[in-house]
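Work through the exercises below with the model open beside you. Each task is followed by its solution in steps.

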Amino acid sequence: MRREIPLIITATVGIAYIIQYFIPHTPFDKVEALFSDWLSIIAACAIWLGALNLLKLSFINVSKRKKDWFFSLVIIMSWLTMAMVGISEGPGFQEPGTKFDWLYNNVYTPLSATMFAMLAFYVASASYRAFRARNFQATLLLVAAFLVLSGRVLFDEIVFGFLPADWKILSTISDFIMQVLNTAGQRAILIGIALGTVSTSLRIILGIERSYLGSD
Amino acid sequence: MGSDLIGVWIAAFLTLGIMSFLYKDNPWYKFSEAIFVGLSAGYWFASLFWQSLHAKFWANWSPAVQSLFQGQFDYNLLYTGAGILGLMMLLRLIPPIGWISRWPLSVVVGGTAGLYLINYLVSNAVRQIGSTIQPVVTFPESIGWINSGGVIIGNVLVFAVLIVSLGFILFGRNTTIDLPTPTKLFFFLIALVACALGTFYSLSMPLNLTGLIIFMGVFCGLIYFFFSKEHTGFFGGAATVGTWFLMVTFGASFGYTVMSRMSLLIGRIDFLLVEWLKVVN
């Protein structure tokens, strides 16, 4: 009961999607549209689950006065503020001038942008370790990254400024790397991922792959 | 003080709080991080409430229920199933009956598997292979046979330089001539320049050198991913060439990632200096 019904549901929904591709007519197209909305609603509930779980764990931390409980209290306050303001604003909650928009622009966006900007320092540190030309492959990585970077900034004007204006040497090499070598590598990776996804999807639909159901 | 000015000061305070982590982990950073975590969760909670649950569930289900009370059946009543499954998903918060959330989870997993099986096969496998296998020589009607011959010889020469250079790199270690790494790098750079020139040349010419290089890269890259046969001999050589293409791809992606992160960092510093401190116009 705990495992068999989910397996039947998985196979039914998966096969419905496959049939819809091969027979894109009524009733299968309507079934696909319905299932798409169902998926969207259930996925929204799954994200709600994560958000509510964060709230639950933070409440536990505060109530038991665990280490750094004050920061859990900050999480609860900011969680409730954003959620309550957003829900109370109505369907147009993201429109310019709303309180939600103010919070988004003045608190959420600066925090989000700074958090990702900080990665620049860690990327610099990682690139030092990855780009040391220890062997030929690492040298290729280094040369490709350097050429792509230099072709996308003003290096052409600085290094080759004495050449005619339309001679963009670094840009041409960078374009060649991006449009030819990079395309070839990306395609090999994409085809590999596609074949892996197809085989994994088949295993899931046929009930061979069951790890998503957990162990109990 | 207007709300804009308060907003700028709050944004500056939190920006510096996150940046303070560069020194070391500290309460100011933890405070800013906690606000970020809480706001992110609250943001998605409110967004999904209006954009998914209200727009897709309530807007369809509520009129269907009203119709039912008036004695009419509306197919949107089927959204009841989504509502029940959504509630079942939230039951994961109650551990004794948390297993019920497997039912909605299986709808998501099954739907995603069915959708991806077709989409990935069509878009990422079939179409990518179709774009890779292209004609190598495509002469326009207007070009004469003498010009055609010259073009072919020119491109073959460029391509020969490429092949010889790659051969030196690939097989140099297996011969008595053990080339040092700088020499290999030199040959590779010659090959790279030859490729660039050849590509530039073939852009306006009938020989599709670009397509040929892409085909080689995809072919060798896929051989590298084929683990059912040992990578030795010709197979191993092709797999090695595949790793070169993959390394260039990773290098290019890494370069772009560095640029995007730097761009964000410049944006934050620009905010601090221009909008907050106003020391730069």
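**Exercise 1. State what share of the contacts in chain B, between residues at least 6 apart in sequence, join residues at least 24 apart.**

Solution. Note that the model is predicted. Take the contacts in chain B between residues at least 6 apart in sequence; 44% of them join residues at least 24 apart.

**Exercise 2. Describe the make-up of chain B: which elements, and how much is buried?**

Solution. Count the elements: chain B has eight helices and zero strands. Read them from the N terminus: the order is α-α-α-α-α-α-α-α. Then apply the burial cut-off, 20 or more other C-beta atoms within 10 Å. Of the 281 residues in chain B, 30% are buried.

**Exercise 3. Characterise the contact between chains A and B.**

Solution. Start with the totals: 108 residues come from chain A and 105 from chain B. Next, list elements of chain B that give two or more residues to its side; among them are helix 1 (3-19), helix 4 (102-132) and helix 8 (233-276). Helix 2 of chain B supplies the largest share of that side, 24 residues. Finally, sort the chain B side by type: 68 nonpolar, 30 polar and seven charged.

Conventions
Residues are numbered from 1 along each chain as its sequence is written. Chains are lettered from A and ligands numbered from 1 in the order in which they are written. This is a predicted model: local features need pLDDT of at least 70, side-chain atom pairs count only at pLDDT 80 or more; totals for chains, interfaces and linings use all residues. Two residues are in contact if their C-beta atoms, placed from the backbone, lie within 7 Å. Helices (H or I, at least four residues) and strands (E, at least two) are DSSP runs, numbered from the N terminus. Ala, Val, Leu, Ile, Met, Phe, Trp, Tyr, Cys and Pro count as nonpolar, Asp, Glu, Lys and Arg as charged, and the others, Gly among them, as polar. A residue is buried if 20 or more other C-beta atoms lie within 10 Å of its own, exposed if 12 or fewer, and partly exposed in between; C-beta atoms are placed from the backbone.
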